Amino acid sequence: MEGINTGPNYRTKAYKRIQNQNWEDVGTGYLNVLRNENEFRLNIIYEGDDTTVLLDSVIEKETVYIQESGTLIVWKQQTDDSLDYAISFQSSHECQQVWQYISEIQHGSYNN
């Protein structure tokens, strides 16, 4: 995935849920917040290699991101309302930092 990594690079676990079924563990990898000309993306690359993408999602202004239990961020994919994503962090500090970053991007207050 092309773009400039503008955010923190934390080890996370990625999950997805289709049509409100059980959560599926997609794998563990490293979170990147990528920025290209007109968008930001949450991108998780598998920890076992640097080419396998576990999760790739545009950070959209309309998307509702929910922070749960201190170490989890959950959202519904805007382009497919039957698909939910979640990322789990090793610490609440890491989760809070990414949560704040997403909020700044959504509200247009991110400066880099």
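1. Basis. The model is predicted, so local features need pLDDT of at least 70 and side-chain atom pairs count only at pLDDT 80 or more, while totals for chains, interfaces and linings use all residues. Residues are numbered from 1 along each chain as its sequence is written, and side-chain values use heavy atoms, with hydrogens and water left out.

2. Aromatic pairs. How many aromatic pairs does a search of the whole structure find? There are two. Rings of Phe, Tyr and Trp (its six-membered ring) pair if their centres lie within 6.5 Å; planes under 30 degrees apart are stacked, over 60 edge-to-face, and the rest tilted. Tyrosine 65 and tryptophan 75 have ring centres 5.3 Å apart and planes at 40°, so this pair is tilted. The pair links distant parts of the chain, ten residues apart: tyrosine 65 sits in strand β6 (residues 65–68) and tryptophan 75 in strand β7 (residues 72–76). Strands (E, at least two residues) and helices (H or I, at least four) are DSSP runs, numbered from the N terminus.

3. The second pair. Tryptophan 75 also pairs with tyrosine 85. The centres are 5.6 Å apart, with 45° between the planes, and the pair is tilted. Tyrosine 85 lies in strand β8 (residues 83–89) and tryptophan 75 in β7, so the pair ties together parts ten residues apart in sequence.

4. Tyrosine 65 is buried at 6%. Tryptophan 75 is buried at 2%. Tyrosine 85 is buried at 13%.

5. Arginine 41. This residue is in strand β4 (residues 40–46). Arginine 41 is buried, at 14% relative accessibility. Its side chain makes polar contacts with the side chains of glutamate 39 (2.7 Å) and aspartate 56 (2.6 Å). A polar contact is a pair of N or O atoms within 3.5 Å; within protein, one must be able to donate a hydrogen and the other to accept it, and residues adjacent in sequence count only if both atoms are side-chain atoms.

6. Asparagine 32. Strand β3 (residues 24–35) holds asparagine 32. Asparagine 32 is buried, at 12% relative accessibility. Its side chain makes a polar contact of 2.7 Å with the side chain of asparagine 9.

7. The β4–β5 hairpin. Strand β4 runs antiparallel to β5 (residues 53–58), and five bridges join them. Two strands pair if DSSP finds at least two bridges between them. Six residues lie between β4 and β5 in this hairpin. Isoleucine 45 stands opposite valine 53 in β5.

8. The largest pocket. Its space is about 160 Å³. The pocket is lined by 15 residues; Arg35, Asn38, Glu39, Phe40 and Ile105 lie nearest its centre. Which element gives the largest share of the lining? Helix α1 (residues 92–106) does, with three residues. On a 1 Å grid over the protein atoms alone, a pocket is an open set of points where a 1.4 Å probe fits, with protein on both sides within 12 Å along at least five of seven lines; lining residues have an atom within 4 Å of a point. Grid points are joined across faces, edges and corners, and the volume is the space filled by probe spheres set on them.

Terms used: Buried < 20%, exposed > 50% of the residue type's maximum accessible area, 1.4 Å probe, protein only.
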